[in-house]
Amino acid sequence: VQYKFPEGFWWGSATSATQIEGAANEGGKGKNIWDYWYEIESNRFFENIGPEVTSDFYHRYKEDIKLMKEIGHNTFRMSISWARLIPGGRGEVNQDAVTFYNNVIDELLANDIEPFVNLFHFDMPMELQHEGGWENRKVVDAFVEYAKAAFELFGDRVSKWFTFNEPIVPVEGGYLYNFHYPNVVDAKRAVQVAYHTVIASAKAVEAFREFNIANGKIGIILNLTPSYPRSNNPADMKASRIADLFFNRSFLDPAVLGEYPLELIELLREHGQLPETQPGDKELIKLNTVDILGVNYYQPRRVKAKETLPNPYSPFMPEWFFDHYEMPGRKMNVYRGWEIYEKGIYDIMINLKENYGNIESFISENGMGVQDEQRFIQDDEIQDDYRIEFIREHLKWLHRAIEEGCNANGYHLWTFMDNWSWSNAYKNRYGFISVNIETQERTLKKSAHWFEEVSKNNGF
Ligand code: BGP
(Lines give C-alpha, C1' and ligand atoms only; values in the text may rest on other atoms or scores of the structure.)
Protein backbone atom coordinates (compact mmCIF):
# COMPACT_ATOMS: atom_id res chain seq x y z
CA VAL A 1 0.00 0.00 0.00
CA GLN A 2 1.61 3.19 -1.17
CA TYR A 3 -1.01 5.64 0.06
CA LYS A 4 -1.91 4.61 3.58
CA PHE A 5 -4.53 6.65 5.44
CA PRO A 6 -4.72 7.30 9.19
CA GLU A 7 -6.25 4.65 11.37
CA GLY A 8 -10.01 4.92 11.69
CA PHE A 9 -10.33 6.83 8.41
CA TRP A 10 -13.96 7.12 7.28
CA TRP A 11 -14.65 5.35 4.01
CA GLY A 12 -18.15 5.69 2.70
CA SER A 13 -20.54 7.65 0.60
CA ALA A 14 -23.12 10.39 0.84
CA THR A 15 -26.79 10.61 -0.05
CA SER A 16 -29.78 12.79 0.67
CA ALA A 17 -33.35 11.93 1.57
CA THR A 18 -35.11 13.49 -1.41
CA GLN A 19 -32.66 11.91 -3.83
CA ILE A 20 -32.86 8.31 -2.61
CA GLU A 21 -35.91 7.64 -0.48
CA GLY A 22 -38.75 7.96 -2.94
CA ALA A 23 -42.06 7.19 -1.23
CA ALA A 24 -42.68 10.91 -1.49
CA ASN A 25 -46.39 10.51 -0.80
CA GLU A 26 -46.16 7.57 1.54
CA GLY A 27 -45.75 7.06 5.25
CA GLY A 28 -47.36 10.37 6.10
CA LYS A 29 -44.66 12.51 4.47
CA GLY A 30 -45.58 16.11 3.80
CA LYS A 31 -44.65 17.94 0.62
CA ASN A 32 -41.40 19.79 0.22
CA ILE A 33 -40.35 22.28 -2.45
CA TRP A 34 -39.25 19.51 -4.80
CA ASP A 35 -42.58 17.66 -4.70
CA TYR A 36 -44.37 20.93 -5.20
CA TRP A 37 -42.18 22.25 -7.99
CA TYR A 38 -42.45 18.99 -9.87
CA GLU A 39 -46.20 19.05 -9.47
CA ILE A 40 -46.54 22.51 -10.96
CA GLU A 41 -43.68 22.46 -13.49
CA SER A 42 -42.63 18.93 -14.35
CA ASN A 43 -41.27 20.20 -17.67
CA ARG A 44 -38.38 21.77 -15.75
CA PHE A 45 -37.14 18.33 -14.76
CA PHE A 46 -35.01 16.14 -16.95
CA GLU A 47 -37.18 13.65 -18.87
CA ASN A 48 -40.08 14.52 -16.57
CA ILE A 49 -38.75 12.34 -13.79
CA GLY A 50 -39.74 13.66 -10.40
CA PRO A 51 -38.93 12.89 -6.79
CA GLU A 52 -41.75 10.39 -6.13
CA VAL A 53 -39.90 7.11 -6.52
CA THR A 54 -36.18 7.92 -7.02
CA SER A 55 -34.10 4.93 -5.88
CA ASP A 56 -36.73 3.61 -3.49
CA PHE A 57 -34.45 3.47 -0.47
CA TYR A 58 -37.56 3.80 1.68
CA HIS A 59 -38.46 0.23 0.82
CA ARG A 60 -35.04 -1.18 -0.02
CA TYR A 61 -32.80 0.17 2.72
CA LYS A 62 -32.02 -3.31 4.05
CA GLU A 63 -30.74 -4.55 0.74
CA ASP A 64 -28.83 -1.29 0.24
CA ILE A 65 -27.16 -1.35 3.62
CA LYS A 66 -26.08 -4.90 2.92
CA LEU A 67 -24.39 -3.64 -0.22
CA MET A 68 -22.73 -0.80 1.71
CA LYS A 69 -21.29 -3.36 4.04
CA GLU A 70 -20.17 -5.49 1.13
CA ILE A 71 -18.22 -2.64 -0.43
CA GLY A 72 -16.43 -1.71 2.76
CA HIS A 73 -18.31 1.30 4.08
CA ASN A 74 -17.59 2.10 7.71
CA THR A 75 -19.62 5.32 7.56
CA PHE A 76 -22.56 6.58 5.52
CA ARG A 77 -24.14 10.00 5.17
CA MET A 78 -27.89 10.31 4.91
CA SER A 79 -30.23 13.16 5.53
CA ILE A 80 -33.53 13.26 7.33
CA SER A 81 -36.40 14.59 5.29
CA TRP A 82 -37.82 17.42 7.37
CA ALA A 83 -41.21 17.06 5.70
CA ARG A 84 -41.23 13.34 6.47
CA LEU A 85 -40.36 13.74 10.13
CA ILE A 86 -42.58 16.77 10.70
CA PRO A 87 -44.98 16.88 7.75
CA GLY A 88 -46.05 20.53 7.90
CA GLY A 89 -42.59 21.70 8.95
CA ARG A 90 -43.63 22.36 12.52
CA GLY A 91 -45.75 20.56 15.09
CA GLU A 92 -46.37 16.85 15.48
CA VAL A 93 -43.71 14.29 14.70
CA ASN A 94 -44.80 11.62 12.22
CA GLN A 95 -44.47 8.20 13.84
CA ASP A 96 -44.05 6.37 10.53
CA ALA A 97 -41.01 8.51 9.85
CA VAL A 98 -39.60 7.78 13.28
CA THR A 99 -39.98 4.08 12.61
CA PHE A 100 -38.34 4.38 9.21
CA TYR A 101 -35.31 6.37 10.41
CA ASN A 102 -34.96 4.15 13.47
CA ASN A 103 -34.91 1.11 11.22
CA VAL A 104 -32.31 2.62 8.91
CA ILE A 105 -30.07 3.73 11.76
CA ASP A 106 -30.34 0.37 13.54
CA GLU A 107 -29.64 -1.52 10.34
CA LEU A 108 -26.53 0.60 9.69
CA LEU A 109 -25.24 0.09 13.21
CA ALA A 110 -25.91 -3.65 13.03
CA ASN A 111 -23.63 -3.65 9.98
CA ASP A 112 -20.90 -1.61 11.71
CA ILE A 113 -21.59 1.40 9.56
CA GLU A 114 -21.69 4.68 11.43
CA PRO A 115 -24.50 6.95 10.26
CA PHE A 116 -23.64 10.61 9.67
CA VAL A 117 -26.94 12.45 9.75
CA ASN A 118 -27.63 15.73 8.02
CA LEU A 119 -30.70 17.82 8.80
CA PHE A 120 -31.21 19.93 5.71
CA HIS A 121 -30.38 19.00 2.16
CA PHE A 122 -32.28 21.49 -0.04
CA ASP A 123 -35.70 20.18 1.03
CA MET A 124 -37.78 22.91 2.61
CA PRO A 125 -41.25 21.74 3.68
CA MET A 126 -43.77 23.38 1.37
CA GLU A 127 -45.92 24.94 4.09
CA LEU A 128 -42.86 26.79 5.34
CA GLN A 129 -41.85 27.85 1.85
CA HIS A 130 -45.31 29.35 1.49
CA GLU A 131 -44.41 31.45 4.54
CA GLY A 132 -41.28 32.66 2.76
CA GLY A 133 -38.90 29.79 3.52
CA TRP A 134 -35.50 30.94 4.77
CA GLU A 135 -36.44 34.55 4.10
CA ASN A 136 -38.74 34.35 7.10
CA ARG A 137 -37.02 34.38 10.48
CA LYS A 138 -39.86 32.30 11.95
CA VAL A 139 -38.76 29.43 9.76
CA VAL A 140 -35.46 29.47 11.62
CA ASP A 141 -37.37 28.71 14.82
CA ALA A 142 -39.21 25.88 13.12
CA PHE A 143 -35.86 24.46 11.99
CA VAL A 144 -34.51 24.54 15.52
CA GLU A 145 -37.58 22.64 16.75
CA TYR A 146 -37.06 20.08 14.02
CA ALA A 147 -33.36 19.77 14.90
CA LYS A 148 -34.21 19.23 18.56
CA ALA A 149 -36.75 16.57 17.69
CA ALA A 150 -34.12 14.76 15.61
CA PHE A 151 -31.43 14.96 18.33
CA GLU A 152 -33.94 13.71 20.87
CA LEU A 153 -35.20 10.84 18.74
CA PHE A 154 -31.94 9.58 17.26
CA GLY A 155 -29.16 11.10 19.36
CA ASP A 156 -28.88 7.95 21.46
CA ARG A 157 -27.42 6.17 18.42
CA VAL A 158 -26.19 8.90 16.11
CA SER A 159 -23.24 10.97 17.26
CA LYS A 160 -22.22 12.79 14.04
CA TRP A 161 -24.70 15.44 13.03
CA PHE A 162 -24.71 18.11 10.36
CA THR A 163 -26.96 21.12 10.21
CA PHE A 164 -26.86 21.82 6.45
CA ASN A 165 -25.54 20.44 3.24
CA GLU A 166 -24.26 23.14 0.89
CA PRO A 167 -26.40 25.95 2.30
CA ILE A 168 -25.25 28.25 -0.48
CA VAL A 169 -26.92 26.13 -3.14
CA PRO A 170 -30.51 27.03 -2.23
CA VAL A 171 -29.36 30.65 -2.18
CA GLU A 172 -27.86 30.39 -5.64
CA GLY A 173 -30.51 28.10 -7.04
CA GLY A 174 -33.59 29.71 -5.54
CA TYR A 175 -32.65 33.39 -5.52
CA LEU A 176 -29.91 34.04 -8.10
CA TYR A 177 -29.52 31.54 -10.90
CA ASN A 178 -32.87 29.81 -11.42
CA PHE A 179 -32.41 26.19 -10.51
CA HIS A 180 -34.35 25.78 -7.27
CA TYR A 181 -37.81 26.85 -6.20
CA PRO A 182 -38.83 29.70 -5.64
CA ASN A 183 -36.77 30.49 -8.72
CA VAL A 184 -36.42 34.24 -8.46
CA VAL A 185 -33.47 36.54 -9.15
CA ASP A 186 -33.03 38.94 -6.30
CA ALA A 187 -29.72 39.45 -4.53
CA LYS A 188 -31.25 41.18 -1.55
CA ARG A 189 -33.49 38.20 -0.87
CA ALA A 190 -30.57 35.86 -1.55
CA VAL A 191 -28.51 37.59 1.13
CA GLN A 192 -31.38 37.33 3.62
CA VAL A 193 -31.78 33.63 2.92
CA ALA A 194 -28.04 33.07 3.32
CA TYR A 195 -28.00 34.99 6.57
CA HIS A 196 -30.95 33.11 8.03
CA THR A 197 -29.37 29.78 7.20
CA VAL A 198 -26.23 30.85 9.04
CA ILE A 199 -28.42 31.79 12.01
CA ALA A 200 -30.37 28.54 11.76
CA SER A 201 -27.16 26.54 11.75
CA ALA A 202 -25.75 28.40 14.76
CA LYS A 203 -29.02 27.91 16.66
CA ALA A 204 -29.05 24.21 15.88
CA VAL A 205 -25.46 23.97 17.15
CA GLU A 206 -26.54 25.77 20.31
CA ALA A 207 -29.45 23.37 20.77
CA PHE A 208 -27.19 20.38 20.15
CA ARG A 209 -24.97 21.36 23.08
CA GLU A 210 -27.92 20.85 25.44
CA PHE A 211 -28.32 17.22 24.50
CA ASN A 212 -25.09 15.73 25.83
CA ILE A 213 -24.90 13.20 23.03
CA ALA A 214 -22.16 10.66 23.73
CA ASN A 215 -19.10 11.57 21.61
CA GLY A 216 -21.44 13.97 19.88
CA LYS A 217 -20.10 16.19 17.16
CA ILE A 218 -21.98 18.69 15.13
CA GLY A 219 -20.84 20.10 11.85
CA ILE A 220 -21.83 21.66 8.60
CA ILE A 221 -21.18 20.50 5.06
CA LEU A 222 -19.98 23.13 2.61
CA ASN A 223 -19.26 22.95 -1.07
CA LEU A 224 -15.95 24.74 -1.28
CA THR A 225 -14.84 25.94 -4.67
CA PRO A 226 -11.29 27.25 -4.34
CA SER A 227 -11.00 30.43 -6.29
CA TYR A 228 -8.03 30.79 -8.64
CA PRO A 229 -7.23 34.09 -10.37
CA ARG A 230 -6.28 34.08 -14.03
CA SER A 231 -3.04 35.91 -13.23
CA ASN A 232 -1.21 37.60 -10.41
CA ASN A 233 -2.19 41.06 -11.52
CA PRO A 234 -4.02 42.94 -8.78
CA ALA A 235 -7.32 43.20 -10.63
CA ASP A 236 -7.52 39.44 -11.21
CA MET A 237 -6.46 38.74 -7.65
CA LYS A 238 -9.13 41.06 -6.31
CA ALA A 239 -11.80 39.48 -8.50
CA SER A 240 -10.81 36.07 -7.19
CA ARG A 241 -10.80 37.24 -3.59
CA ILE A 242 -14.32 38.63 -3.95
CA ALA A 243 -15.61 35.43 -5.54
CA ASP A 244 -14.09 33.56 -2.60
CA LEU A 245 -15.87 35.89 -0.18
CA PHE A 246 -19.24 35.33 -1.81
CA PHE A 247 -19.07 31.63 -2.51
CA ASN A 248 -16.87 30.16 0.22
CA ARG A 249 -16.24 32.50 3.08
CA SER A 250 -19.87 33.66 3.41
CA PHE A 251 -20.58 30.33 5.10
CA LEU A 252 -17.15 29.02 6.06
CA ASP A 253 -16.15 31.99 8.22
CA PRO A 254 -19.28 32.24 10.36
CA ALA A 255 -19.53 28.45 10.75
CA VAL A 256 -15.90 27.84 11.70
CA LEU A 257 -14.52 31.19 12.93
CA GLY A 258 -17.76 32.57 14.32
CA GLU A 259 -17.76 35.76 12.29
CA TYR A 260 -18.34 37.13 8.82
CA PRO A 261 -15.36 38.50 6.90
CA LEU A 262 -15.33 42.28 7.29
CA GLU A 263 -14.63 42.78 3.62
CA LEU A 264 -17.84 40.96 2.73
CA ILE A 265 -19.89 43.04 5.16
CA GLU A 266 -18.40 46.23 3.76
CA LEU A 267 -19.06 45.21 0.22
CA LEU A 268 -22.70 44.42 0.96
CA ARG A 269 -23.10 47.60 2.95
CA GLU A 270 -21.67 49.71 0.15
CA HIS A 271 -24.23 48.28 -2.23
CA GLY A 272 -27.20 48.40 0.12
CA GLN A 273 -27.46 44.62 0.37
CA LEU A 274 -27.04 43.98 4.09
CA PRO A 275 -29.62 41.59 5.56
CA GLU A 276 -31.94 42.29 8.45
CA THR A 277 -30.45 41.10 11.70
CA GLN A 278 -31.57 40.85 15.31
CA PRO A 279 -29.82 41.87 18.51
CA GLY A 280 -27.72 39.00 19.82
CA ASP A 281 -27.07 37.46 16.41
CA LYS A 282 -23.39 38.32 16.45
CA GLU A 283 -22.86 36.60 19.79
CA LEU A 284 -24.93 33.64 18.68
CA ILE A 285 -22.69 33.13 15.66
CA LYS A 286 -19.55 33.72 17.69
CA LEU A 287 -20.47 31.18 20.36
CA ASN A 288 -21.80 28.40 18.18
CA THR A 289 -19.13 27.34 15.75
CA VAL A 290 -19.06 23.78 14.45
CA ASP A 291 -16.92 20.87 15.65
CA ILE A 292 -16.41 19.34 12.28
CA LEU A 293 -16.51 20.44 8.67
CA GLY A 294 -17.66 18.35 5.74
CA VAL A 295 -16.08 19.47 2.49
CA ASN A 296 -17.87 18.78 -0.77
CA TYR A 297 -15.42 19.27 -3.57
CA TYR A 298 -16.24 18.97 -7.25
CA GLN A 299 -14.60 21.82 -9.07
CA PRO A 300 -12.54 24.97 -8.68
CA ARG A 301 -13.62 28.47 -9.65
CA ARG A 302 -11.45 30.27 -12.21
CA VAL A 303 -11.82 33.98 -12.08
CA LYS A 304 -10.62 37.06 -13.89
CA ALA A 305 -11.23 40.78 -13.46
CA LYS A 306 -14.23 42.24 -15.20
CA GLU A 307 -13.47 43.82 -18.50
CA THR A 308 -16.41 46.21 -18.40
CA LEU A 309 -17.97 47.95 -15.45
CA PRO A 310 -21.41 46.65 -14.50
CA ASN A 311 -24.34 48.89 -15.26
CA PRO A 312 -25.15 50.37 -11.83
CA TYR A 313 -28.86 50.33 -12.72
CA SER A 314 -28.86 46.58 -13.30
CA PRO A 315 -29.77 44.42 -10.31
CA PHE A 316 -26.89 43.70 -7.95
CA MET A 317 -25.22 40.32 -8.57
CA PRO A 318 -21.99 38.70 -7.37
CA GLU A 319 -20.91 38.78 -11.02
CA TRP A 320 -20.58 42.54 -10.81
CA PHE A 321 -17.14 41.88 -9.39
CA PHE A 322 -15.61 39.13 -11.49
CA ASP A 323 -15.86 37.10 -14.66
CA HIS A 324 -15.33 33.40 -14.96
CA TYR A 325 -12.66 32.20 -17.26
CA GLU A 326 -11.79 28.83 -18.74
CA MET A 327 -8.25 27.82 -18.06
CA PRO A 328 -6.66 26.64 -21.30
CA GLY A 329 -5.95 22.93 -21.28
CA ARG A 330 -8.16 22.29 -18.28
CA LYS A 331 -9.47 18.79 -17.69
CA MET A 332 -13.26 18.54 -17.88
CA ASN A 333 -16.03 16.25 -16.84
CA VAL A 334 -17.88 16.95 -20.07
CA TYR A 335 -21.11 15.36 -18.86
CA ARG A 336 -21.58 17.75 -15.99
CA GLY A 337 -19.61 20.63 -17.50
CA TRP A 338 -17.38 20.80 -14.44
CA GLU A 339 -13.61 21.16 -14.45
CA ILE A 340 -11.66 18.35 -12.83
CA TYR A 341 -8.78 19.71 -10.80
CA GLU A 342 -7.62 17.22 -8.23
CA LYS A 343 -5.16 19.51 -6.49
CA GLY A 344 -8.11 21.67 -5.38
CA ILE A 345 -8.73 19.18 -2.59
CA TYR A 346 -5.22 19.79 -1.27
CA ASP A 347 -5.52 23.56 -1.53
CA ILE A 348 -8.77 23.49 0.44
CA MET A 349 -7.22 21.40 3.19
CA ILE A 350 -4.14 23.60 3.46
CA ASN A 351 -6.39 26.65 3.69
CA LEU A 352 -8.36 25.01 6.52
CA LYS A 353 -5.13 24.20 8.29
CA GLU A 354 -3.64 27.65 7.94
CA ASN A 355 -6.66 29.89 8.30
CA TYR A 356 -9.36 27.87 10.04
CA GLY A 357 -7.60 26.39 13.05
CA ASN A 358 -7.05 23.07 11.30
CA ILE A 359 -10.62 22.12 12.11
CA GLU A 360 -11.47 18.43 11.93
CA SER A 361 -12.75 17.80 8.44
CA PHE A 362 -13.43 15.15 5.85
CA ILE A 363 -14.34 15.00 2.22
CA SER A 364 -18.07 14.68 2.48
CA GLU A 365 -18.70 14.62 -1.29
CA ASN A 366 -16.56 14.24 -4.36
CA GLY A 367 -17.56 12.33 -7.43
CA MET A 368 -18.04 12.07 -11.12
CA GLY A 369 -21.40 12.12 -12.84
CA VAL A 370 -21.38 10.31 -16.17
CA GLN A 371 -24.07 9.93 -18.79
CA ASP A 372 -25.11 6.63 -20.39
CA GLU A 373 -22.85 4.46 -18.32
CA GLN A 374 -24.52 1.39 -19.78
CA ARG A 375 -22.21 1.71 -22.75
CA PHE A 376 -19.32 0.73 -20.50
CA ILE A 377 -20.85 -2.64 -19.59
CA GLN A 378 -18.61 -5.63 -20.04
CA ASP A 379 -19.16 -8.99 -18.32
CA ASP A 380 -22.39 -7.63 -16.83
CA GLU A 381 -20.60 -4.85 -15.04
CA ILE A 382 -20.07 -1.15 -15.68
CA GLN A 383 -16.33 -0.77 -16.13
CA ASP A 384 -16.05 2.69 -14.65
CA ASP A 385 -12.29 3.00 -14.71
CA TYR A 386 -12.74 6.75 -15.19
CA ARG A 387 -14.40 6.92 -11.76
CA ILE A 388 -11.65 4.87 -10.14
CA GLU A 389 -9.07 7.19 -11.60
CA PHE A 390 -11.07 10.23 -10.51
CA ILE A 391 -11.28 9.02 -6.91
CA ARG A 392 -7.70 7.81 -6.81
CA GLU A 393 -6.23 11.09 -8.05
CA HIS A 394 -8.25 13.09 -5.54
CA LEU A 395 -7.25 10.72 -2.75
CA LYS A 396 -3.59 11.18 -3.59
CA TRP A 397 -3.89 14.91 -2.97
CA LEU A 398 -5.90 14.33 0.16
CA HIS A 399 -3.22 11.95 1.37
CA ARG A 400 -0.55 14.54 0.76
CA ALA A 401 -2.53 17.14 2.73
CA ILE A 402 -2.82 14.71 5.63
CA GLU A 403 0.93 14.03 5.49
CA GLU A 404 1.44 17.75 5.80
CA GLY A 405 -0.62 17.86 8.96
CA CYS A 406 -4.15 18.58 7.73
CA ASN A 407 -6.85 17.24 9.99
CA ALA A 408 -8.88 15.31 7.40
CA ASN A 409 -10.47 12.08 8.57
CA GLY A 410 -12.44 10.61 5.75
CA TYR A 411 -13.61 10.37 2.19
CA HIS A 412 -17.21 9.97 1.10
CA LEU A 413 -18.07 9.56 -2.52
CA TRP A 414 -21.09 11.22 -4.00
CA THR A 415 -22.80 8.82 -4.07
CA PHE A 416 -23.65 5.33 -2.89
CA MET A 417 -26.03 4.36 -5.67
CA ASP A 418 -27.25 6.18 -8.75
CA ASN A 419 -29.93 8.52 -7.61
CA TRP A 420 -32.24 11.31 -8.59
CA SER A 421 -30.71 14.71 -8.96
CA TRP A 422 -32.52 17.99 -8.49
CA SER A 423 -33.31 18.87 -12.05
CA ASN A 424 -31.10 16.46 -13.98
CA ALA A 425 -32.91 13.41 -12.60
CA TYR A 426 -30.96 10.29 -13.63
CA LYS A 427 -28.97 11.87 -16.44
CA ASN A 428 -25.60 11.92 -14.72
CA ARG A 429 -24.87 8.79 -12.72
CA TYR A 430 -22.51 9.04 -9.76
CA GLY A 431 -22.99 5.83 -7.79
CA PHE A 432 -20.74 2.92 -6.85
CA ILE A 433 -23.89 0.98 -7.57
CA SER A 434 -25.91 1.21 -10.70
CA VAL A 435 -29.69 1.38 -10.41
CA ASN A 436 -32.07 0.31 -13.12
CA ILE A 437 -34.84 2.81 -12.62
CA GLU A 438 -37.48 0.61 -14.24
CA THR A 439 -36.84 -2.47 -12.12
CA GLN A 440 -34.89 -0.87 -9.25
CA GLU A 441 -32.33 -3.62 -9.68
CA ARG A 442 -28.94 -2.81 -8.13
CA THR A 443 -25.63 -3.83 -9.71
CA LEU A 444 -22.14 -3.11 -8.44
CA LYS A 445 -19.89 -1.12 -10.73
CA LYS A 446 -16.19 -1.87 -11.00
CA SER A 447 -15.42 1.11 -8.75
CA ALA A 448 -17.41 -0.51 -5.94
CA HIS A 449 -15.04 -3.49 -5.87
CA TRP A 450 -12.06 -1.18 -6.07
CA PHE A 451 -13.37 0.90 -3.16
CA GLU A 452 -13.92 -2.21 -1.10
CA GLU A 453 -10.19 -2.96 -1.43
CA VAL A 454 -9.22 0.60 -0.60
CA SER A 455 -11.34 0.57 2.50
CA LYS A 456 -10.07 -2.87 3.57
CA ASN A 457 -6.44 -1.80 3.14
CA ASN A 458 -7.08 1.70 4.43
CA GLY A 459 -5.34 2.93 1.33
CA PHE A 460 -4.19 1.80 -2.07
C1 BGP B 1 -24.03 18.35 -4.69
C2 BGP B 1 -25.26 17.98 -3.89
C3 BGP B 1 -25.78 16.62 -4.17
C4 BGP B 1 -25.60 16.08 -5.57
C5 BGP B 1 -24.25 16.45 -6.17
C6 BGP B 1 -24.09 16.16 -7.64
O7 BGP B 1 -24.06 19.71 -4.96
O8 BGP B 1 -25.01 18.08 -2.51
O9 BGP B 1 -27.11 16.59 -3.72
O10 BGP B 1 -26.69 16.22 -6.35
O11 BGP B 1 -23.94 17.80 -5.97
O12 BGP B 1 -24.55 17.21 -8.43
P13 BGP B 1 -25.65 17.04 -9.54
O14 BGP B 1 -26.60 16.04 -9.03
O15 BGP B 1 -26.26 18.38 -9.72
O16 BGP B 1 -24.93 16.60 -10.78
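**Close-up views of a predicted model**

**View 1. The ligand shell.** The shell around the ligand comprises three nonpolar, nine polar and three charged residues. Here Ala, Val, Leu, Ile, Met, Phe, Trp, Tyr, Cys and Pro count as nonpolar, Asp, Glu, Lys and Arg as charged, and the others, including Gly, as polar. Among the 15 residues around the ligand, Glu166, Gly369, Trp414, Ser421 and Asn428 come nearest; a residue is near if its C-beta atom, placed from the backbone, lies within 6 Å. The model is predicted: local features need pLDDT of at least 70 and side-chain atom pairs pLDDT 80 or more, while totals for chains, interfaces and linings use all residues. Residues are numbered from 1 along each chain as its sequence is written.

**View 2. The sheet E6-E8-E9.** Three strands form an open sheet in the order E6-E8-E9, with mixed pairing; strands are DSSP runs of at least two residues, helices (H or I) of at least four, numbered from the N terminus, and pairing requires at least two DSSP bridges. Strands E6 (227-229) and E9 (323-324) are at the edges with a single partner strand each, so one side of each lacks a neighbour in the sheet. E8 (residues 301-304) and E9 run antiparallel and are joined by two bridges. Lys304 has Asp323 of E9 as its bridge partner.

**View 3. Helices H13 and H14.** The axes (lines fitted to C-alpha atoms over the stretch in contact, with angles from 0 to 180 degrees between N-to-C directions) of H13 (residues 343-355) and H14 (residues 385-403) come within 7 Å and cross at roughly 25 degrees. H13 is therefore roughly parallel to H14, a term for angles under 35 degrees.

Conventions: Angles under 35 degrees count as roughly parallel, over 145 as roughly antiparallel, 65 to 115 as roughly perpendicular and the rest as oblique.
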